[in-house]
Amino acid sequence: MSEHRENFDAQNVVEASEESDDAFETVNIPVPSEELPESHQTEGSGSEVEPSDGGCVTLVEEESDQSVSSRETNDEQLIEGVVTPRQVSFSPKFKKCYLTKFDNAVKSGKQYSNDSMTLMDKIKAAKESLKMSVKEAVATVKIILLPVGQEIIMPFKIDAIFKHLKDHFSYLLKVPSDVLQIRYSGIVVKNNETLIQHGVKPQDIIQVEIFSTHPDLYPIKRLSGLNDVSQIITVRVQTDIHEYQEVAVEIIKSDFHKPFLGGFRHKVTGIEYHNAGTQTLPKKIPEKPNIFCRDTQTVFQRKKLQQTTNTTSTQMTKIGVYVSNMTDKLVTPGKYFSAAEYHAQRLKAVIVIQTYYRQWHAKIVVENLRRQKMLRLKWEEQEEQRKIREKEEWMKLDYYRRHNPQTKEDFELLYNALELWWQEEIARINQSFTGVERKAALCELLEKETQIIASIGRHRYIADMENKQALLKTFLDKCSAPKIWRTFNGKIIEMDTQFTIRARELQNIYECIMLKNISQDERLDVLLTLKHTVKEHECKLTQEILELIDREVDLMMRGVKQHNLEGLRKRIATLFFHYIKTPLFNPEAARHLKIPQDPLKFCKKIYFCHSCQLYLLSTEFAISSTSQRIYRCRHCVNLDNETRQRESFLKYKCLLKQLYYSEADYEDDSKIAFLMKLQDIQYLTENIWASQSVLSAWNDLSDLVLVRWDKSLEWSPWNCILLTKDEGVAHLRLTNIEEAYEPLFIHKIKHKHILAKNYFSQIPVLASFILDDGEIDEIRKKYHTETTPKNIESPMPSP
């Protein structure tokens, strides 16, 4: 019966131990070193022998476990072993347990149950101590912010997850937490990982790096105001001859200047040692609030009687006593000085002080006014000079454009000047001549006009050829440019691919073909290189290039002069450029061609021009916001303008560009301003605002701007006003338009807004269609600048 009861109790103990093992895989049971035999207290021993009360000897070989805490006391050293009943009974990692048979009678069941309860209490106590030690364990973490390289030292619990650290720095850096990444030992850690999982022990010092995955959108900047943050360092202190202990020391940075408390100097080395001081901060004097009372304005009088310690006496002349009066003085009373006279004297002195003070104050005020007046006059003079200088620069630029036309705007100016000259000549002829003389003068005028138009045509041909060469060079540079991107630390990396290398080789060959004034041998080497390059592909284009190369070589061998071979060389260069533009031979060219190679991509974007009878892309048509249908292309519109009206749209283009720049700086997602085209701005300026400022009637379009009428609303033709640049700046500074202008003027502006809204009624509908269109954002970014935009300028010639 007793054996059966003992077996039952043992099973209960084993089952209880197995349940505790399910909750915690390992349990640290601290055992005092005094209870172990001296023979078994060896360093790094892997087995323990413990005799039982009944004579049973249990041999258990355990794995040595590293202690959680690195600090050990000198008096009581604890040996921690990881033991569970399941590991003792069934684990294959340990050796088998050998239990001897019971030679004597076992103890009673009650005593065994008490021993089992004592063992369970020890296990629970060990679990709690393990939890508390891990929970309170702290490591010193050194955080480095990349790419600024700022170092921040702070304590961090080893059982806390990295997400807490990431949220803390997300709040400090004003960066979303999902953008930040933490890297430890070259590995990016996850949010739910802890320092324990990476092998960090309490009181250890580790280093982690924090960087942003999107440095362009969310850059990491240097943190300011961290001078008062406390830092923790670990100091190793020697406690015995061969024993050391690590102690965490907190450093508090303070602005307090440590005073010199004395010290001494080593006679041999000459090193000075200063006496240390405490880190206790001095008490700050509390700030007193503003006190408004009569205590600071009232004079208190105090009367107090005093008695001297030395007793004195006087002596008068009497019978028997003679006192000399040789040193006596006769004191006569002066004029009585009343209180009224005293206050009158003080009042007179106060008036004198006030007079001099007011004089000093008046001088300062006058001096400030004089200085402000001088600054104002100087500013007005500078503004006047600036306007004169800008006018002179504009005239110089206009003169340069007329003599060296390069762009389409320059030729518009020439044709406009020709039209103005023709009108003046017609008026002079009609006024001065009649009959046959008038007809002869008109014929002469027609001949001069024809000569001028021919001269303009020659200049246009030269400019077109130069622009064509510039565009060709730009295309080749784009194809051969390396890939460029920016890393997370701000560095720029360039990389060449096989396509860019191929494009660069073709560009070098093309530049060699275009070289002039080279020897015959060098030309033959260039043609030979071109021939080997083109032979790689067989098609009609390459065959034609090879035939032309053979023809030029044959003519050069026959002694043909170079100027007779220019046409043939131009043809070879043109065909080779077509070879470069073909994506089959130059894959990098496909990224920079305006017309896609697949016809299905642009078949729906082709329209018919009723003037030149050609099918063109949609980009070749100038469409305004009020257009009902597509009729003529840009080339036909420009040709009609040159032959009939000869107007110059340069000032309207400057006005439209100025509008784009000003609206891009608002950053309020305005869309209507970016839908306005050149024809719309011309109609709005001429028909609605009469091409002059509403306030000053200034009619020079180069000095006018279209600004918002109500700056809190989006710009639109019915929320704008045409003013000069200075008037526009003053208008945008107004806070209340109703109070700044008269009702009659406001009514006039509202009437113009109604006319504009009736004409541009289709613009709100167009704006609703492009609500999610990214092209408007690209246009807004293009014109978003911090400086005032300049007018359209052509490059000036180098001196």
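Where is Pro147 found? Pro147 sits in the loop between strand S5 (138-145) and strand S6, and a cis peptide bond with an omega of about 5° joins Leu146 and Pro147. Here helices (H or I, at least four residues) and strands (E, at least two) are DSSP runs, numbered from the N terminus.

Before we go on, a word about what you are looking at. This is a predicted model, in which local features need pLDDT of at least 70 and side-chain atom pairs count only at pLDDT 80 or more, while totals for chains, interfaces and linings use all residues. Residues are numbered from 1 along each chain as its sequence is written, and side-chain values use heavy atoms, with hydrogens and water left out.

**The chain as a whole**

The protein chain has 19 helices and 19 strands. Of its 799 residues, 27% are buried; buried means under 20% relative accessible area, exposed over 50%, and partly exposed in between (1.4 Å probe, protein chains only). The chain exposes about 58,900 Å², and carbon and sulfur atoms supply 54% of that area. Such areas come from the Shrake-Rupley method with a 1.4 Å probe; for residues, only the protein chains shown count as cover. Among contacts (heavy atoms within 4.5 Å) between residues at least 6 apart in sequence, 60% join residues at least 24 apart.

How confident is the predictor? The pLDDT gives its confidence in each residue, from 0 to 100. The mean for the chain is 76, and 73% of the residues reach 70 or more. Confidence is highest in helix H5, at 93, and lowest in strand S4 (residues 78-82), at a mean of 33. Over residues 1-113 the pLDDT is below 50, and this stretch has 104 contacts in the model beyond near neighbours in sequence. Residues 786-799 also have a pLDDT below 50, with 21 contacts beyond near neighbours in sequence.

**Sheets and hairpins**

An open sheet of 5 strands runs in the order S6-S5-S9-S7-S8, with mixed pairing. Strand S6 (150-157) and strand S8 (187-188) are its edges, each pairing on one side only. Two strands pair if DSSP finds at least two bridges between them.

| Strand | Partner | Bridges |
|---|---|---|
| S7 (residues 180-184) | S9 (residues 205-212) | 5 bridges |
| S14 (residues 483-486) | S15 (residues 492-495) | 4 bridges |

Leu180 stands opposite Ser212 in S9. In S15, Ile493 is the bridge partner of Trp485, and Glu494 is the bridge partner of Ile484. The hairpin of S14 and S15 has 5 residues between the strands, and Gly490 takes a positive phi near 95° there.

Lys174, with a phi of about 60°, lies in the loop between helix H4 (162-173) and S7, and it is exposed because its relative accessible area is 66%. Arg646, with a phi of about 55°, lies in the loop between H12 and H13; it counts as buried because its relative accessibility is 6%.

His403 belongs to helix H5 (residues 339-403) and counts as partly exposed, at 44% relative accessibility. His403 and His459 are 56 residues apart in sequence, and their C-alpha atoms are 9.4 Å apart in space.

The 25 residues of helix H6 (residues 408-432) should span 36 Å at 1.5 Å a residue, and the end C-alpha atoms are 36 Å apart, which agrees. The expected span is 1.5 Å times one less than the number of residues. Among the buried residues of H6 are Phe411, Leu414, Leu418 and Ile429. Their cover includes H5, helix H7 (436-480), helix H12 (634-645) and H13.

**The nonpolar cores**

A nonpolar core is a set of buried Ala, Val, Leu, Ile, Met, Phe, Trp, Tyr and Cys residues joined through side-chain atoms within 4.5 Å. The largest one has 37 residues, of which Leu684, Trp689, Leu706, Trp709, Trp715 and Ile721 touch the most other members. Elements that each supply at least two residues include helix H13 (650-666), helix H14 (678-688) and strand S18 (704-708). H13 gives the largest share, 6 residues. Leaving aside residues up to four places away in sequence, Leu684 touches Trp689, Leu706, Trp715, Pro717, Cys720, Ala756 and Phe760. A second, separate core of 30 residues includes Phe475, Leu565, Phe576 and Phe585.

Methods
pLDDT = per-residue confidence, 0-100.
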